[in-house]
Amino acid sequence: RFDSIPMAAPDAILGISEAFAADARAEKMNLSVGVYKDAQGVTPVMKCVKAAEQKLLETEQTKSYLPIDGLPDYRHAVREMLLGDEFPADRAAVVQTPGGTGALRVAGDFLATQCAPTRVFLPNPTWANHSAIMRAAGLGVETYSYLGADRRSLDFEAMIADLSEKTRPGDAVLLHACCHNPTGVDPTAAQWQQIANLLATRGLIPLLDFAYQGFGDGLEADAAGLRTVLEHCDEAIVCSSYSKNFGLYSERVGAVTLIAGSPAATATALSQLKIVVRANYSNPPRHGGSIVATVLADPELTRMWKAELEEYRLRITRLRELFVAGMKEQPGAPDFSFLLNQKGMFSYSGLTAMQADELRTQHGVYVVGSGRINVAGINEQKVDWLCRAVADVM
Ligand code: LMR
């Protein structure tokens with residue numbers, strides 16, 4: 001009976017935003033969910049998005065269903081963003097999905113049904129939802145070492161040892177293509193070479209989660225790890241999201257891109273991806289994908305988009321600097337300079353679960369229990385206030 005169902009725990013990330021919304025205090029700051037905020041504390045609609053929506057309002061002819069694999073112009077744009085314009089298009093099947101989460105679930109279902117018995121190896125730590133998605137798809141979930149004992153740098157030796165010793169050919173290995181969530185710690189270019197070589201020689205399936213393209217070192221630079229993997233491996237799956245780099249969070253815009261060894265294998269894999277989609281959500285929503293396709297088909301809107309995204313990226317770097325400088329002013333507080341080497345929206349602050357709890361209850365600052373902070377959510381007017389609060393609980 002329904003009345004015997006136990007209450008589920010709140011979501012590790014979105015549950016914190018629910019608690020934040022219910023907090024009546026005037027002075028509060030939400031550094032939990034990975035959402036960019038501007039100087040006014042607002043998650044803005046990009047100007048290029050507004051302009052594309054205006055264009056769509058005037059030109060859109062229908063709201064009829066999209067094909068199962070999504071809007072052709074969107075799929076084309078995604079392929080170029082991820083792989084560049086030289087990669088053979090007939091070896092990359094792009095399927096439009098509802099967000100990066102939708103992409104991961106489609107990828108998981110595909111691996112479970114077409115590549116069974118597959119296990120997926122996740123970095124430790126990783127995005128709180130990865131394991132739930134892969135388990136829901138029916139995959140075995142394992143972990144490989146990623147963050148060092150200092151909780152601020154990559155333990156590359158341990159990572160390579162785990163991937164060499166624990167995996168079997170045919171296992172999938174999830175890698176964050178850039179801006180590792182939750183730590184902000186990415187491999188170097190030379191380390192990507194070694195990882196890619198290992199994946200290829202051990203016959204592992206690269207599964208790249210690419211949700212933050214443009215937030216690390218720039219749009220093209222952030223794709224370097226993925227492209228290195230593709231120089232070594234002829235098969236891979238990429239799950240990308242346009243929630244962050246187009247600010248289209250609630251429109252649910254993502255894609256799963258499957259790279260296969262030949263055009264024939266790509267076409268076959270695409271047919272199976274479509275079976276997964278049809279049994280899951282049938283076909284993707286139109287609006288967000290249309291926005292991305294409209295922006296990227298128009299040189300002026302593309303220029304606007306790149307400029308806006310670059311502004312976001314540079315602002316996050318500035319926020320990192322402001323926070324690190326602010327913490328230096330706090331007597332006895334730990335040195336946070338390590339934040340300056342990390343990429344993207346997130347960093348592990350070193351706050352324990354208890355300190356995170358205290359930060360919320362005593363000061364109205366909400367961070368994820370693991371101590372992950374969303375740097376992109378810091379309000380620069382309140383950096384001093386934030387630093388005092390962090391110093392107080394540490
Ligand atoms: C995050 O990690 O905060 C984002 O990816 C949002 C989410 O869905 O958890």
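Predicted model: local features only at pLDDT ≥ 70, side-chain atom pairs only at ≥ 80, totals over all residues.
The domain assignment gives two domains, and their C-alpha centres sit 26 Å apart.

**Confidence**
- For the complex, the predictor reports an ipTM of 0.94 alongside a pTM of 0.95.

**Domain layout**
- Domain 1 is put together from two stretches of the chain, 2-45 and 301-393.
- Domain 2 covers residues 65-297.

**Where the domains touch**
- On the domain 1 side, 27 residues make contact with 24 residues of domain 2.
- Two elements each give two or more residues to that side of domain 1: helix H11 (299-328) and strand E9 (346-348).
- H11 supplies the largest share of it, with seven residues.
- Sorted by class, the side of domain 1 that touches domain 2 holds 15 nonpolar, eight polar and four charged residues.

**What the record says**
- UniProt, in an unreviewed entry, places the feature "domain: Aminotransferase class I/classII large" at residues 27-390.
- Over residues 27-390, the chain comes out as 44% helix and 14% strand.

Technical notes:
Residues numbered from 1 in each chain as written. Domains from an automatic or database assignment. Contact = placed C-beta atoms within 7 Å. Helix = DSSP H or I, 4+ residues; strand = E, 2+ residues; numbered from the N terminus. Nonpolar A, V, L, I, M, F, W, Y, C, P; charged D, E, K, R; others polar. UniProt positions renumbered as here; feature names shortened; annotations may be inferred.
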